Each structure stands twice: as structure tokens, then as C-alpha cells.
Amino acid sequence: METPESNFTKLGLNLPPAPKPLGVYKPCLIDGKYLYLSGHGTVQDDGSLIIGRIGEELDIEAGKMAARQVGLAMLSTIKANLGSLNRVKRVIKVLGMVNCVSTFERHPYIINGCSELFAQVWGEEYGIGVRSAVGMGTLPDNIPVEVEAMFELHEGA
């Protein structure tokens, strides 16, 4: 039987280190059967950040890959705090924020980098939730993408 953990293994990807809070907040919070993840950035395997604005330093494809990297950072936080991706039943909501020039209009395409990763890990039925993708004039440390999300946990998980 396929599980989120086995699906992730098949992708052959690495998880970056779980990001540490850079302010006064919790990276994740469990409330009953729900898991809330604070906004995550573009943490890479070596702990550094992908930096740059879409439409200036980064093109649309680099932006989409940055959003995928944010998704990996979020998976790392889940594993660090819950022990396994298998404890998550489904993705409920994703809010993707794109640091871009004011004329950029393809925010959903960028955030697909994260959403497609979640769909690969949890499958299309459980890995695709509701979503917003919006443009921002700036993001912390000039990262190109920030994503926050809400998940449903398995009962008794």
C-alpha cells in the first residue's frame, strides 16, 4: 500500500533542515485533528535560502522550483514535529505568497510548485486542498515564495 512516506521516497528528494522560527511564533500547531503550519520560506538542504524577486532576479520556472523547495521545508517541519508524513490525512488549505514585480500575474503557476509536491506525496484526492496564490511587494529576507498551510490529521494520530 502506498503511503505519504513511500510516495516521498519514490520522488528521490531530500528534505532540508526544519526551519527555526525567526520571530515570536510556532512553526506548527496541532489543534485537535488539525495541523497548522506557519509561513515557510525557501530553505535549501544546506540551510541557506533561495533569494530574489520573480520578474527581477528569478524567472517563472525558478519561482516554481522555489515554491517546491518551500513545500519540502514544510514536509521537514511535519516530520520533525510529528515523526512521519503518514500522520497527515489531507491537505486542507494552502496560502502561497509570491514576491514579484507589480506586473507579474501568474502567481498560481508559481505556487503549483508546492501544490504539485503535496499532490505527489498525499495523492490527488488528499494532497490537493483549497488554495490562494497572491503577489506581494516583498517577503522576509527577499525570499521569492512563502507558504502557510492547514492539514487534517488521522484520528488518534
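Modeller: Let's start with T42, which counts as buried because its relative accessibility is 0%. Buried here means under 20% relative accessible area, exposed means over 50%, and partly exposed is what lies in between, using a 1.4 Å probe and protein chains only. Before going on, a word on what you're looking at: this is a predicted model, where local features need pLDDT of at least 70 and side-chain atom pairs count only at pLDDT 80 or more, while totals for chains, interfaces and linings use all residues. Residues are numbered from 1 along each chain as its sequence is written, and side-chain values use heavy atoms, with hydrogens and water left out.

Back to T42. You'll find T42 in the loop between β2 (34–40) and α2. Those labels come from DSSP runs numbered from the N terminus: helices are H or I with at least four residues, strands are E with at least two. The T42 side chain reaches the backbone oxygen of I50 at 2.8 Å. That's a polar contact, meaning a pair of N or O atoms within 3.5 Å; within protein, one has to be able to donate a hydrogen and the other to accept it, and residues adjacent in sequence count only if both atoms are side-chain atoms.

Who else is around? Leaving aside residues up to four places away in sequence, T42 touches S48, L49, I50, A66, Q69, V70, I143, P144 and V145. Contact here means heavy atoms within 4.5 Å.

D141 has a phi near 60°, a positive value in a residue other than glycine. N142 is found in the loop between β4 and β5 too, and its phi is also positive, about 65°, although N142 is not a glycine. With 26% relative accessibility, N142 counts as partly exposed.

A search of the whole structure finds 3 aromatic pairs; rings of Phe, Tyr and Trp (its six-membered ring) pair if their centres lie within 6.5 Å, with planes under 30 degrees apart called stacked, over 60 edge-to-face and the rest tilted. The ring centres of F118 and F151 are 5.8 Å apart with planes at 65°, so this pair is edge-to-face. Since F118 lies in helix α3 and F151 in strand β5, the pair ties together parts that are 33 residues apart in sequence. F118 is buried, at a relative accessible area of 0%, and F151 is buried at 0% as well. The W122 and F151 rings have centres 5.7 Å apart and planes at 50°, so that pair is tilted. W122 lies in helix α3 and F151 in strand β5, so here the parts tied together are 29 residues apart in sequence. Put together, F118, W122 and F151 form one aromatic cluster.
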